[in-house]
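Hi,

Here is the structure I promised to pass on. Have a look at it first, and my notes follow below.

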Amino acid sequence: MEKLNELLNELRPEIDFSESENFIEDGYLDSFDLVALVGELEQRYNITIDGLDIIPENFTNMDTIVELIRKSGGQI
């Protein structure tokens, strides 16, 4: 979870992700961020995220992102 938090902070250093329960609704992540985040997740966790899984619901908070990583075969 720490590595994921570090990744989010690298992506958007001006945001404290711990203050949000829904990154999308709170405006913490937009579509450009999701593209960058997917690329970083794939690289760091050596996974391939299915295009059908790149939907806002899978990026609403830390738990949904962790579940996506696991679903894609990553260990976290």
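Which residues have the most contacts inside the largest nonpolar core? They are Leu-4, Phe-23, Leu-37, Leu-41, Phe-59 and Ile-65, in a core of 21 residues. A nonpolar core here is a set of buried Ala, Val, Leu, Ile, Met, Phe, Trp, Tyr and Cys residues joined through side-chain atoms within 4.5 Å. At least two residues of this core come from each of α1 (2-11), α2 (31-45) and α3 (62-71); helices are DSSP runs of H or I, at least four residues, numbered from the N terminus.

Before the details, please note that this is a predicted model, in which local features need pLDDT of at least 70 and side-chain atom pairs count only at pLDDT 80 or more, while totals for chains, interfaces and linings use all residues. Residues are numbered from 1 along each chain as its sequence is written, and side-chain values use heavy atoms, with hydrogens and water left out.

Beyond its neighbours within four places in sequence, Phe-59 is in contact (heavy atoms within 4.5 Å) with a list of residues including Phe-23, Leu-34, Leu-37, Leu-41, Ile-65 and Leu-68. Asn-58 sits in the loop between α2 and α3, and it counts as buried because its relative accessibility is 19% (buried means under 20% relative accessible area, exposed over 50%, partly exposed in between, with a 1.4 Å probe and protein chains only).

Most residues other than glycine have a negative phi.

In the loop between α1 and α2 you will find Ser-20, buried because its relative accessibility is 9%. Its side chain makes a polar contact with the side chain of Asp-26 (2.5 Å); such a contact is a pair of N or O atoms within 3.5 Å, where within protein one must be able to donate a hydrogen and the other to accept it, and residues adjacent in sequence count only if both atoms are side-chain atoms.

Finally, the helix pair: the axes of α1 and α3 come within 11 Å and cross at roughly 110°. Leu-4, Asn-5 and Leu-8 of α1 meet Met-62, Ile-65 and Val-66 of α3 there.

Best wishes

Technical notes: Axes fitted to C-alpha atoms, helices over the stretch in contact; angles between N-to-C directions.
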